[in-house]
Amino acid sequence: MIKKRKTEQKSEKRAQIQRTDYRSYRLSRKETALFLLEGAALTLLADRLFYQSLFALPFLGPLVVFWVLYMRREKCRERLERLEEHFGQSLSSISVSLRAGLAVEHAFYEAERELRELFGPEDEIVTEFAGMNRQIRNRVPPEKLLIDFADRTDLEEIRSFAEVFAAARRSGGNMAEIVRAASESIGNKILMEREIRMILAAKKSEFRIMCMMPAGVILYMQLASPGFLDVLYGNAFGAVFMTVCLAVYLAAIVIGQRMIRIEV
């Protein structure tokens, strides 16, 4: 009896879905160390360009924290974009399986198998479908799992499909046709977003170059004309002036980042 109970508990534990909240991102130790080093390097560079004083480093220290927070947000955004694109592939697989006459449960199994072959076992969408299938084997309705997935990603495409899928299950309509229409509509939107991101990739490269130019100009003047900018260092007026320049520089970068980020 005890052995049987332990087996059931292990089965229930394995059946629990990995409830990852994709709206936030937790950096690994390696990523944290890397971004801290990058932030420290940027802080030292800012001090070299704008102040040339060790006394300014404590005031520039928050740049390290801002850099780590910025990279965490970027990692979260990249993961959501990847999840959204891979989810579009899962819709195609589910739609094909349903049109072939498979039951909904088997369609989810087939989707997991195809996604595993395409993206590997460590991909987020593969992990999610593996968790869904474990829950389905424990008689959890697929529509409930999709709605939970949509809540944890907060992606419009996943939420739309979850709502359509749930409505189709309740109404008992032509599931294959409803899912096909929904997957085509959502797939077209995901494809459009991918094309927009590809177009913006060149603009982002140009933006990065423009962000480096002011710092590059100051560094060039320091190296090519030693002493030319000495009047801006080591005195109160120069510190205030360079602080204003640094603030304008950072504000321009933030505004530029928002301009090249387009929501479809």
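Is Glu112 buried or exposed? Glu112 is buried, with a relative accessible area of 14%; buried means under 20% relative accessible area, exposed over 50%, and partly exposed in between, with a 1.4 Å probe and protein chains only. The model is predicted, so local features need pLDDT of at least 70 and side-chain atom pairs count only at pLDDT 80 or more, while totals for chains, interfaces and linings use all residues. Residues are numbered from 1 along each chain as its sequence is written, and side-chain values use heavy atoms, with hydrogens and water left out.

**Nonpolar cores**

- A nonpolar core is a set of buried Ala, Val, Leu, Ile, Met, Phe, Trp, Tyr and Cys residues joined through side-chain atoms within 4.5 Å.
- The largest nonpolar core has 40 residues, and the members that touch the most others are Ile94, Leu98, Phe108, Ile125, Phe149, Phe161 and Phe165.
- At least two residues of this core come from each of helix H4 (62-99), helix H5 (104-119), helix H6 (124-137), helix H7 (142-153), helix H8 (156-171) and helix H9 (175-224); helices (H or I, at least four residues) and strands (E, at least two) are DSSP runs, numbered from the N terminus.
- H4 gives the largest share of this core, 9 residues.
- Apart from this core lies another, of 14 residues, including Ala46, Phe50, Tyr51 and Tyr233.
- In soluble globular proteins, nonpolar side chains tend to be buried together.

- Contact means heavy atoms within 4.5 Å.
- With neighbours within four places in sequence left aside, Leu98 is in contact with Ala103, Val104, Ala107, Met175, Ala176 and Val179.
- Ser97 is found in helix H4 and is buried, at a relative accessible area of 6%.
- With neighbours within four places in sequence left aside, Ser97 is in contact with Leu102, Ala107 and Glu110.

**Aromatic pairs**

- Rings of Phe, Tyr and Trp (its six-membered ring) pair if their centres lie within 6.5 Å; planes under 30 degrees apart count as stacked, over 60 as edge-to-face and the rest as tilted.
- The count by this rule is 9 aromatic pairs.
- Tyr22 and Phe149 form an edge-to-face pair, at 6.3 Å centre to centre and 75 degrees between the planes.
- This pair links distant parts of the chain, 127 residues apart: Tyr22 is in the loop between helix H1 (2-15) and helix H2 (29-50), and Phe149 is in helix H7.
- Tyr22 is buried at 2% relative accessibility, and Phe149 is buried at 0%.
- The Trp67 and Tyr70 pair is tilted, because the ring centres are 5.8 Å apart and the planes are at 40 degrees.
- Trp67 and Tyr70 are 3 residues apart in helix H4, which means a separation of about one helical turn.
- Trp67 is partly exposed at 24% relative accessibility, and Tyr70 is partly exposed at 23%.
- Ring pairs join Tyr22, Phe87, Phe108, Phe129, Phe149, Phe161 and Phe165 into a cluster.

**Salt bridges**

- The structure holds 17 salt bridges, a salt bridge being a side-chain nitrogen of Lys or Arg within 4 Å of a carboxyl oxygen of Asp or Glu.
- Lys75 pairs with Glu31, the closest N and O atoms being 3.9 Å apart.
- Lys75 is partly exposed, with a relative accessible area of 27%, whereas Glu31 is buried at 16%.
- Arg116 forms a salt bridge with Glu112, with the closest N and O atoms 2.6 Å apart.
- Both Arg116 and Glu112 lie in helix H5, 4 residues apart, about one turn of the helix.
- Arg116 is partly exposed, with a relative accessible area of 35%.
- Glu157 forms a salt bridge with Lys189, the closest N and O atoms being 3.5 Å apart.
- That pair links distant parts of the chain, with Glu157 in helix H8 and Lys189 in helix H9, 32 residues apart.
- Glu157 is buried, with a relative accessible area of 5%, and Lys189 is partly exposed at 22%.

**Exposed residues and distances**

- Met210 lies in helix H9 and is exposed, with a relative accessible area of 57%.
- The C-alpha atoms of Met210 and Gly256 are separated by 9.9 Å, at 46 residues apart along the chain.
- Arg170 lies in helix H8 and is exposed, with a relative accessible area of 66%.
- Arg170 and Leu219 are 49 residues apart in sequence and 66 Å apart in space, C-alpha to C-alpha.
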